[in-house]
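Please read them with the structure open.

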Amino acid sequence: MASSSSAKTTFTTTTTTTTTTTRRSPSSSTARPSLLSFLHNTTPSLPITLKLSHSPSNPLHYNSPYHHSLTMTNAVKTIESASICAPDSDNLPSLRPNILVSEKLGEAGLQVLRRFGNVDCCYDLSPEQLCAKIASCDALIVRSGTKVTREVFEAAKGRLKVVGRAGVGIDNVDLPAATEFGCLVVNAPTANTVAAAEHGIALLTAMTRNVAQSDASMKAGKWERSKYVGVSLVGKKLAVMGFGKVGSEVARRAKGLGMQVIAHDPYAPVDRARAVGVDLVSFDQAIGTADFISLHMPLTPTTNKIFNDETFAKMKKGVGLINVARGGVIDEDALVRALDGGVVAQAALDVFTEEPPSKDSKLVQHKNVTVTPHLGASTKEAQEGVAIEIAEAVVGALQGELSATAVNAPMVPAEVLSELAPYVVLAEKLGRLAVQLASGGSGIKSVRVVYKSARDPDDLDTRILRAMITKGIIEPISSSFVNIVNADFTAKQKGLRIAEERIVVDTSPEFPIDSIQVQISNVDSKFASAVSEDGWIAIEGGVRYGIPHLTCVGSFSVDVSLEGNLILCRQVDQPGMIGQVGNILGKHNVNVSFMSVGRTVQRKQAIMAIGVDEEPNKDTLSCIGHVPAIEEFVFLKL
Ligand SMILES: NC(=O)C1=CN([C@@H]2O[C@H](COP(=O)(O)OP(=O)(O)OC[C@H]3O[C@@H](n4cnc5c(N)ncnc54)[C@H](O)[C@@H]3O)[C@@H](O)[C@H]2O)C=CC1
Ligand SMILES: O=C(O)C(=O)COP(=O)(O)O
């Protein structure tokens, strides 16, 4: 492979990426098809058209019949809404996806869902009822009250394609299980931010002025003015733990109340904090100096019970604690001890380790604790907002779109996705071809993918392509179903290592990729000519007019569009070979869609790549094998 300076190497769990640079003459590939022609297959000169969404090249690979709309192209939202919207419910009633909504969702979101699928709103399901229902569902929409466990994904038996979380926290969804089962998880991360922040401030002010306690006292017929003297907020120090969307909005509002605000967040950009006028400090500094501590970090293995006996002991005596994030970040027994010991003077809690908490929970009953039943996101505005946000994300995902709020799949901007669409088809086909060329496909352990592109390597997102090559390699030789969500996981599970290399070539940067080469090491090939000089099975392809083409097999150049099926023959380079093989195929009623011959040395050896619409039977293949000048041949399904 021609290469010069090495620019960059990165590693991921199953992949390696290397970048080298080389100069090449401009490729013969011509103008990029217009997006519309690509979407609607209206380019008359194209020899083949992109398959509609039954195509295995949908990166989410949903095989459901209602995917009669487009595949990758759905990424272009504006065109999508104008051109593919929902299936016609009158004509295709049985093709509509089933969408289970297991918790209350805003009406505006339900309307979006109803236009697209059959919506079943079924609240308060037991785990068993959810498992029983899920097998007939394509999508599930939840809030924080539904536990989407591994059992749910198992019970779905591969039908569930997307789980939509109508809110931020996805700690109630078993993400590793979702990924393993190839189920996309999307959330609605922005629409309830303000509501949660406002609730945090409401709890802070209610707590410090004993609003809940004095209200209860008055309703019990009392008038206790001296018992409920509060504390002022102005000039007090508030530590915001987790300076994300909600945390930063709480900080802004607290500053408006005249508070001094500090924050702890190991991942927050300093600029964002500076813009709000907040100092980012260490965990210990935050909890050790604050008068009030407000929690806004997600529940993760790291934050689980991060507020415990040890950390409460580091707090200023008499601190006030607000939690609108997740109950699990606090060791609730330790908090009761801290309240009893006076370290924590007051706490205001919207969230609990177990929801709802037990009626006799010491924490809930504590006189210095103010509680609300997970109301942070519960404003009319926020609920309408999350409902629309999640409904659109789920509908998009059901159409094969990669959501911008995907939690367990790469988030790829729509324009990148649309540009890469034909290469996605190419990538999968190259994977399929490469694995069929290996004798003993399951012995494949090491794959190298070389992308040649005129673009800067940082400008080329290959995650989808890698996933599709993985799909192409794994699916023909196993019962696994692979999509963009579970590709890396499945590859890892099967011990398949995919190294990626990028070569910068001197062609037009208008096209994202010049060619993709898939190489497989350490396996014998059914077709010896596919083995390159360095002993790898190697095939290469590119895209012409939006159509994937095979351009190289081993060290032979060919040019055949990747459609239908393919016969590769190595023969003595002599006149009449095309005619002989063409005749055999014609006699057996096998239609040739494309033919290309590549040779190394004139009159010595050549490779013939023949695209065929039908699958030739044994008899036909045997006749080809008996042509004396044919040295080897292989039939490959695309
Ligand atoms: N009570 C309710 O109804 C609601 C609760 N929430 C919860 O609030 C929390 C925050 O939500 P958003 O601000 O939207 O999320 P976000 O993702 O924008 O912010 C979370 C922040 O926490 C930070 N973080 C992660 N690990 C941390 C650690 N160990 N220490 C300190 N900071 C850490 C992250 O860097 C991020 O900046 C989530 O847990 C969410 O589920 C959100 C909305 C409503
Ligand atoms: O968005 C979040 O993280 C929330 O906690 C809101 O939960 P909910 O949708 O009100 O059950």
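1. The largest nonpolar core has 81 residues, and within that core Leu113, Ile516, Leu550 and Leu568 touch the most other members. Helix H16 (residues 414–437) supplies the largest share, 11 residues. Domain 1 (98–187 + 384–399) and domain 3 (414–637) both contribute to this core, so the core lies between them. Please keep in mind that the model is predicted. In soluble globular proteins, nonpolar side chains tend to be buried together.

2. Which residues does Leu568 contact, leaving aside its neighbours within four places in sequence? The partners are Leu437, Phe527, Leu550, Val553, Met608, Ala609, Glu632, Phe633, Val634 and Leu636. One of these, Leu550, is also among the core residues that touch the most other members.

3. There is also a second, separate core, made up of 29 residues. Its members include Ile287, Met297, Phe312 and Leu335.

4. For Ser144, a polar side-chain atom lies 2.4 Å from an oxygen atom of the ligand. For Arg165, the distance from a polar side-chain atom to an oxygen atom of ligand 2 is 2.9 Å. Val168 takes part through its backbone instead, with a polar atom 2.6 Å from a ligand oxygen. On its own, ligand 2 would expose 310 Å², and the protein buries 91% of that area.

5. Asp138 sits in the loop between helix H4 (127–134) and strand E5 (139–142). Is Asp138 buried or exposed? It counts as buried because its relative accessibility is 0%, and the cut-off for buried is under 20%. The side chain of Asp138 makes a polar contact of 3.0 Å with the side chain of Arg159.

6. Some values for the whole chain follow. The protein chain contains 20 helices and 24 strands. Of its 638 residues, 54% are buried. The accessible surface of the protein chain is about 27400 Å², and carbon and sulfur atoms account for 53% of that surface.

7. The last point concerns separation in sequence. Taking contacts in the protein chain between residues at least 6 apart in sequence, 67% join residues at least 24 apart. The contacts of Leu568 listed above, including those with Leu437 and Phe527, can be looked at alongside that figure.

Conventions. Residues are numbered from 1 along each chain as its sequence is written. Chains are lettered from A and ligands numbered from 1 in the order in which they are written. This is a predicted model: local features need pLDDT of at least 70, side-chain atom pairs count only at pLDDT 80 or more; totals for chains, interfaces and linings use all residues. Side-chain values use heavy atoms; hydrogens and water are left out. Helices (H or I, at least four residues) and strands (E, at least two) are DSSP runs, numbered from the N terminus. Buried means under 20% relative accessible area, exposed over 50%, partly exposed in between (1.4 Å probe, protein chains only). A polar contact is a pair of N or O atoms within 3.5 Å; within protein, one must be able to donate a hydrogen and the other to accept it, and residues adjacent in sequence count only if both atoms are side-chain atoms. A nonpolar core is a set of buried Ala, Val, Leu, Ile, Met, Phe, Trp, Tyr and Cys residues joined through side-chain atoms within 4.5 Å. Domain bounds come from an automatic or database domain assignment. Contact means heavy atoms within 4.5 Å. Accessible areas come from the Shrake-Rupley method with a 1.4 Å probe; for residues, only the protein chains shown count as cover.
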